[in-house]
Amino acid sequence: MAKLGSEENPLLVAIVGSGPSGFYAAEALIKSDISVKVDLLERLPSPYGLVRSGVAPDHQKLKQVIALYQKTADSPDFNLIANVNVGTDISVEELCQSHHAVIMTSGAETDRKLGVAGEDLNGSYTATEFVGWYNGHPDYRDRQFDLSHDVAVIIGQGNVAADVSRILSKTVDELKHTDIAQHALDILAESKIKEIHVIGRRGPAQAKFTPKELREFGELSDCNSIVRAEDLILNPESEIELLEKSNIASKKIYDQFCEFSKRETDPAKSRNCYFKFLMGPKELIGTTKLEKVILEKNQLSGEPFKQSARGTGETIELETGILFRSIGYRGVPIAGVPFNESWGTIPNEKGRITDNNCNIIPQLYTAGWIKRGPSGIIGTNRACSVETVQCLLEDIVKLDNSEIKAGAEAIYTILDRKNIRHICYDNWKKIDIKEIERGKLKGKPREKYTYIAEMLSEI
Amino acid sequence: MTTIVTENCKNCRFTDCVTVCPVACFHYDDDMLYIDPDTCIDCSACIPECPVQAIYEGDDIPEDQEKWIEINAEKAPGLPVCEEQMEPLPGAEERKAALGF
């Protein structure tokens, strides 16, 4: 048998999930000095994961990262197999038979729970649902969000919480030339929300927004961003945190809050967005649907940079009919791959998948949020995927090279036998062109298809 | 909005930033890195990575560093892309300490 990774016997790798980490893993493999063939599997007909369905529609520039993924996709060593659900349509075990290695890059598809009573009341939603809905993700296309209330509450102070809050704070005019899904824009146009409360369990020095995201709240056309000056008083430990030179991002965020606190509230603006700190939901109350949230005030304890929030017992009530929780994502298990329930990730060492006792499982690798948890932004996944691919390339001598692997052909045989329609990158390009054409008519960069059947009918 | 590499990178060139750049927009010469504004998507992933805080974006660019907007735009396109982390320049650690980091 020719050496694995040679021209005659290329390394065949199946990657599961076509978001940033999947594409960066594909790129790293294709750019390596060995001969490879990459098959990238995707559950939806459309690639690019959260760049398409997570990145907010008013952040179009970030979506330009897709141009780089398109370059990877144009390589003759790259192949997209979309509209295929690994775990149900085809098993990981089958991929291990058809390929030398499998890289799981399926991301963190669900939200962490608050773990409080009333969490599942009608009117209490996850950020994932709302983000997926306004971004036209087929899974969330038919979700209903009742925006007829005066007050909306967002639990969490990270960038996803910022996205949700900002979309609720913007006018239709501020959104209509983005690629926001039309069905969402129509509902947002009728929104009655006047107050948006963005709640963090720790203080203003620990908010996890990026400075840039927070700054955008100062530029909204019809919404005041409000922080009470007394909420910006810091404990000594937080003051030490902000003096640390390397903690410049938190300092910038704190300074931005200070700037908001000094602003006069413009009464001509029809909405107010309040940033509130040191409190967390204790209970969500309502009979058939959410009516109010009980918030418990917190205090910080611990050394600088290790401070945690603890409830004080003191509570306040906030009447609201709609609440979004945005306190982090977690991955979902895939049949045939170990899963760490408490972390919501796949157990691994530098990307080599292990069982729950740290024994490395040959052939299986992982990258992105399902590997390290939902932290960092798009580019963070590049370093993460490169690390995984380096491990895979180091392991190449250990991989099974006793027989020729069938690669994509074996996958197609299984899918065809089950009558599962799979689509390739050229098929996706047709959908892509149609979406852009549809957008042009409305002055939008694209109008997404939001049902899978619609996408498939364009091929 | 523009994201740029400024003065502090000179003679350091730690290149931690390039590992998280989603679009490979960093270019290098013998002294430092430069960002190609036509490729950069202003995601700001690189900003917290720099051990000497040489990278700034948009409204955050200090006035005395504004000249670097033009320098980045002029130099980057003609220089090789830095896609992987390189060894810092000799003396980088000393310069970092001198800069107070």
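Okay, one definition before anything else: two strands count as a pair if DSSP finds at least two bridges between them. Keep that in mind, and remember that what we're looking at is a predicted model.

So, the sheet. In chain A, three strands line up in the order β11-β12-β13, the sheet is open, and the pairing is antiparallel. Which strands sit at the edges? That would be β11, residues 279–285, and β13, residues 308–319, both of chain A, each pairing on one side only. Ignoring direction, neighbouring strands in this sheet are turned by 25 degrees against each other on average. If you zoom in on β12 of chain A, residues 292–301, you'll find nine bridges joining it to β13(A), running antiparallel. One to click on: Gln299(A), whose bridge partner in β13(A) is Arg310(A).

Right, on to helices. In general, you describe two packed helices by the angle between their axes and the distance between the axes. I've got two pairs for you.

Pair one is α1, residues 20–31, with α13, residues 380–394, both in chain A; the angle is about 50 degrees and the axes are 8 Å apart. That angle is why α1(A) counts as oblique to α13(A). The crossing here is right-handed. On the α1(A) side, the contact residues include Tyr24(A), Ala28(A) and Leu29(A), and on the α13(A) side they include Cys384(A), Val386(A) and Val389(A). Sorted by class, that contact has eight nonpolar, four polar and one charged residues.

Pair two is α5, residues 127–134, and α6, residues 159–169, again in chain A, at about 55 degrees with axes 10 Å apart. So α5(A) is oblique to α6(A) too. And the handedness? α5(A) and α6(A) make a left-handed crossing. Phe130(A), Val131(A) and Tyr134(A) are among the α5(A) residues in the contact, with Val164(A) and Ile167(A) among those from α6(A). The class count for this one is eight nonpolar, no polar and one charged.

Now a loop residue. Glu264(A) lies between α11 (248–262) and β10 (271–276) of chain A. Is Glu264(A) buried or exposed? Exposed, because it has 6 C-beta neighbours inside 10 Å, and the cut-off for exposed is 12 or fewer.

Last stop, the two chains. How many residues of chain B are in contact with chain A? It's 16, and they meet 18 residues of chain A. The chain B side splits into nine nonpolar, four polar and three charged. That's my tour, thanks.

Terms used: Residues are numbered from 1 along each chain as its sequence is written. Chains are lettered from A and ligands numbered from 1 in the order in which they are written. This is a predicted model: local features need pLDDT of at least 70, side-chain atom pairs count only at pLDDT 80 or more; totals for chains, interfaces and linings use all residues. Axes are lines fitted to C-alpha atoms, for helices over the stretch in contact, and angles run from 0 to 180 degrees between N-to-C directions. Helices (H or I, at least four residues) and strands (E, at least two) are DSSP runs, numbered from the N terminus. Angles under 35 degrees count as roughly parallel, over 145 as roughly antiparallel, 65 to 115 as roughly perpendicular and the rest as oblique. A crossing is left-handed if the near helix is turned anticlockwise from the far one by less than a right angle, and right-handed if clockwise. Two residues are in contact if their C-beta atoms, placed from the backbone, lie within 7 Å. Ala, Val, Leu, Ile, Met, Phe, Trp, Tyr, Cys and Pro count as nonpolar, Asp, Glu, Lys and Arg as charged, and the others, Gly among them, as polar. A residue is buried if 20 or more other C-beta atoms lie within 10 Å of its own, exposed if 12 or fewer, and partly exposed in between; C-beta atoms are placed from the backbone.
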